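Thanks for coming. I will take one structure this morning and go through it part by part. Please have the sequence and the model open.

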Amino acid sequence: MSADTVSVSGWGRTAPTNARLIRPRTYEEAVTAVRGCGTRGSIPRGLGRAYGDAAQNAGGTVLDMTGLDRVHAIDADNGIVLCDAGVSLHRLIEVLLPLGWFVPVTPGTRQVTVGGAIGADIHGKNHHVSGSFSRHVLSLELLTADGEIHTVGRDTPLFDATTGGMGLTGVILTATLQLQPVETSLMTVDTERARDLDDLMARLTATDDHYRYSVAWIDLLARGTATGRAVLTRGDHTPLEALREGTRARRDPFAFHPSRLPAPPSFLPERLLNRRGVALFNELWYRKAPRARTGELQRLAAFFHPLDGVPHWNRIYGRGGFVQYQFVVGHGQEETLRRIVRRVSEHRCPSFLAVLKRFGDADPGWLSFPVPGWTLALDIPAALPGLGAFLDALDEDVATAGGRVYLAKDSRLRPELLAAMYPRLEEFRALRAEVDPRGVFVSDLARRLSL
Amino acid sequence: MKDAFGIPQSLLVLGGTSEIALATARRLIARRTRTVWLAGRPSPALEQSAADLRALGADVRTVAFDALDPESHETVLGKVFAEGDIDMVLLAFGILGDQARDEREPLNAVRVAQTNYTGAVSAALVGAGALQSQGHGSLVVLSSVAGERARRANFIYGSSKAGLDTFTQGLGDALHGTGVHVMVVRPGFVRSKMTTDLEEAPLATTPEAVATAIELGLRRRSETVWVPGRLRLVMSALRHVPRSVFRRLPV
């Protein structure tokens, strides 16, 4: 078990702090680390894809859980896997695909751990059908503040506090997951363009239910009548029978060899992504997309995880880093969404990773982010002048509309707004006070927002 | 904790009546800062400063602190840090002295040096140690352009700031990689009560402008901030002017 004092930051690289990084290789080492973590506490960390300060703990201990990465058991008949929390979704996909199973929910990257996926209760393009990650967790083992390991089943307060609980209830050691059956590693994808936001929302409302996976890339720099124009990509896993006999794809239906480009250098300047460049990129990206195309076959990685092809892609924002802003507002709050899209477009935020999605039913996690409605995620270079105040104004709008921002992406929310956004926050605090009275589990996020 | 833009939630001001510090506090309170400690010699002015900041919605407390009593620094600042994390320490105390009088009365000159330099060395080391053990935070030190090169008109003050500036740079290097960010702020002539009796120098600035520069420096995690920014170029040039010429310059 190695321990080093290192600078730790989130994927957005905005507010690094120092912590003792411990990488347990056994459950016993994890227990020892939690028991001996000292007054500034500890927090589990996976692959560091949370954008903000969720997996940082200034002056304390950060438990790098990627050392616990074994897949213990697979029930290939029923699609159930028992694995360590430090296993990445990438590894799971590699292991499970040849058996005809796929992870039930995947975000825009495979480089997250199972523990992180539960802690942030992540969602994917299938949220409107499959809900968030926790819906597919059958049980988990949690190392709590007293140094004991508990098996936590569904429909218990501890389970609902842990799913979406940002690692603050304890360290998830293992999880049992229900998987999604697939016949191939290909995706059948329909692509269409929406000329503005209203067109986009109309299309999503009308036909989203026909697809298991659905997401829209949205051009937030388009102005005037084109405000909110978007490219919709929706699809499902390709059935085996759709592949022609004798083709290579048919002979090897579970082929999975994602390619990777070289990483961008770490010393890029802060202003590389300026408005003009991003506007040009967005224009080309929009024009490149077909007006309407159906039945295109795409590889898994290209459909779900295009950014995984570029390791360390977060470096393109330079050393100033970037902020991810994701909020959700309920159905019936379309006007709020329209207003925010208009304001972002008027503010000229150079955002090229903006995504709009229609969420389905919520899951019971107390701090779980998704609620039925519209979610918009966008990336903005942190160096953009006036960004802090601009996002504060958006927060007000979101909170007034009964919406919320996503804690796994947050690095700047005003703490006063949190209780309005997450009505079960008090229960969460009470449960933490009960199971962790000494505050063993704490993160920079928890300190910043008084979670 | 600081947010993605480097804005602190809790601020400790050493020199709680400094106009630059109060302008900075106002600016930060308007963004995120909720807890402010104003450390200084107990006085109605200190309480008034606290009341003014409270009116902006912050939780403000005052604490008795004397730069000239370094023995007490550990205790006084230790109590503040014991109450919770401090995201930013702003070292803002300092006295200008009266150059002509101080040249005649060396004990007064020593007082300038002790306040601005030795007092600051002690307070900065204590503050830096506390920040280091919490693993995060910024130590922002108000230096001065006067420390960049000795001037006939204020070299007693200037030399104290030169010492502080050099000390802070070294401290920043020593703390590199500890999670603590150290920033030297070098304002030019600032229009404030400290300088009301003085003739205004070129490129004069205001406490509000210094506060703006500090906010930007926090976001960028800058190590050195000049206010106004153009002073950096001006001083680079002045540094190379021969002394025989420099001493005759009307600066």
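Two strands count as paired if DSSP finds at least two bridges between them. Helices (H or I, at least four residues) and strands (E, at least two) are DSSP runs, numbered from the N terminus. This is a predicted model, where local features need pLDDT of at least 70, side-chain atom pairs count only at pLDDT 80 or more, and totals for chains, interfaces and linings use all residues. Residues are numbered from 1 along each chain as its sequence is written, while chains are lettered from A and ligands numbered from 1 in the order in which they are written.

I start with the sheet in chain A. Strand S13 (residues 213-218) and strand S14 (residues 230-237) of chain A run antiparallel and share six bridges. One place to look is A:Val215, whose bridge partner in S14(A) is A:Thr233. Both strands belong to an open sheet of eight strands with antiparallel pairing, in the order S15-S12-S14-S13-S17-S18-S16-S19 (chain A).

Next, the domains. Chain A is divided into domain 1 (67-182) and domain 2 (186-419), with bounds from an automatic or database domain assignment. Their centres, taken over C-alpha atoms, are 23 Å apart. Domain 1 of chain A puts 28 residues into the contact and domain 2 of chain A puts in 27. On the domain 1 side, helix H2 (89-96), helix H4 (127-130) and helix H5 (157-162) of chain A each give two or more residues. H4(A) gives the most, with three.

Last, the two chains. Here 22 residues of chain A are in contact with 18 residues of chain B. On the chain A side, the elements giving two or more residues are strand S2 (17-22) and helix H14 (444-449) of chain A.

Methods:
Two residues are in contact if their C-beta atoms, placed from the backbone, lie within 7 Å.
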